[in-house]
Amino acid sequence: MTGAVTSDTYATTEAKLEAALNEARLGFGEGGVPVGAALFAADGALLGRGRNRRVQDDDPSVHGETDAFRNAGRQRDYRSTTLVTTLSPCWYCAGLIRQFRIGTVIIGEARHFDGQHEWLAEAGVAVTVLDDERCFDLMTRFIARYPEIWNEDIGEL
């Protein structure tokens, strides 16, 4: 998916999370870090979705959130958009959220990586952490299988 708005509409938080989780599952299947994300308009229309492809593309800048953001294409205003991500966003992705004033962030889980969701909330972003077991279990399986890639992704030696 690149660029244009799709006709897909996601009315519930669960449906939005499922779109991001499907991306994370694809990434896991490709041997990449299973973080998926999706950006939605205020009416629930899917603007873009993506996944962490740092391993697959050999590009450290392709996080799930940045991939979804790029795939959404240029929007005039992001204040009414919702970014759904399967894992709490890192500083890089939190900076993107702040820079473009994305209004709402929904996070699948924050147990594996605490990320910067508290910083976002302090800045006025509406943040919800779902603590979804499917997101947690997928990341648990990935970390067990590829601990060195996980440590690289979170900046650990």
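A: Helices (H or I, at least four residues) and strands (E, at least two) are DSSP runs, numbered from the N terminus. This is a predicted model, where local features need pLDDT of at least 70 and side-chain atom pairs pLDDT 80 or more, while totals for chains, interfaces and linings use all residues. Residues are numbered from 1 along each chain as its sequence is written, and side-chain values use heavy atoms, without hydrogens or water.

An unreviewed UniProt entry annotates residues 11-127 as "domain: CMP/dCMP-type deaminase". Such annotations may be inferred rather than shown by experiment; feature names are shortened and positions follow the numbering used here. Over residues 11-127, the chain is 38% helix and 21% strand.

Now look inside. A nonpolar core is a set of buried Ala, Val, Leu, Ile, Met, Phe, Trp, Tyr and Cys residues joined through side-chain atoms within 4.5 Å. Buried means under 20% relative accessible area, exposed over 50%, partly exposed in between (1.4 Å probe, protein chains only). The largest nonpolar core holds 21 residues. Inside this core, the residues with the most contacts are V33, F40, V84, M139 and F142. Two or more core residues come from each of α1 (13-29), β1 (36-40), β3 (82-87), α6 (133-145) and α7 (147-153). Helix α1 gives the largest share, 6 residues. There is also a second, separate core of 18 residues, with A37, A45, L47 and V125 among them.

Take V84 as one example from the largest core. Contact means heavy atoms within 4.5 Å. Outside four places in sequence, V84 is in contact with K16, L17, A20, G36, A37, A38, F40 and I106.

Next, find E65 in helix α3 (residues 64-72). E65 is buried and has no salt bridge. A salt bridge is a side-chain nitrogen of Lys or Arg within 4 Å of a carboxyl oxygen of Asp or Glu. Lys and Arg count as positive, Asp and Glu as negative; His and the chain ends are not counted. For E65, the nearest side chain of opposite charge is R54, 10 Å away. E65 does have a polar partner: a contact of 2.9 Å joins its side chain to that of T85. A polar contact is a pair of N or O atoms within 3.5 Å; within protein, one must be able to donate a hydrogen and the other to accept it, and residues adjacent in sequence count only if both atoms are side-chain atoms. Beyond four places in sequence, E65 touches V35, A37, L83, T85, L87, P89 and C93.

Now move to the loops. S88 sits in the loop between β3 and α4 (91-99). S88 counts as buried because its relative accessibility is 3%. A polar atom of the S88 side chain lies 3.0 Å from the backbone oxygen of D114. Setting aside residues within four places in sequence, S88 is in contact with I107, E109, A110, F113, D114, G115, Q116 and H117.

D59 lies in the loop between α2 (54-57) and α3. With a relative accessible area of 26%, D59 is partly exposed. D59 touches R53 and R54, leaving out residues up to four places away in sequence. From D59 to Y92 is 33 residues in sequence and 14 Å in space, C-alpha to C-alpha.

R101 is in the loop between α4 and β4 (104-109). R101 is not a glycine, yet its phi is positive, about 55°. D131, in the loop between β5 (126-129) and α6, also has a positive phi, near 55°. D131 is partly exposed, at 39% relative accessible area.

Finish with the charges. The whole structure has 14 salt bridges. In one, R53 pairs with D57, and the closest N and O atoms are 2.1 Å apart. Another joins R54 to E152, at 3.3 Å between the closest N and O atoms. R54 lies in α2 and E152 in α7, so this pair ties together parts that are 98 residues apart in sequence. R54 is buried, with a relative accessible area of 12%. Within it, R25 bridges to E18 with closest N and O atoms 2.7 Å apart. R25 is partly exposed at 36%, and E18 is partly exposed at 24%.
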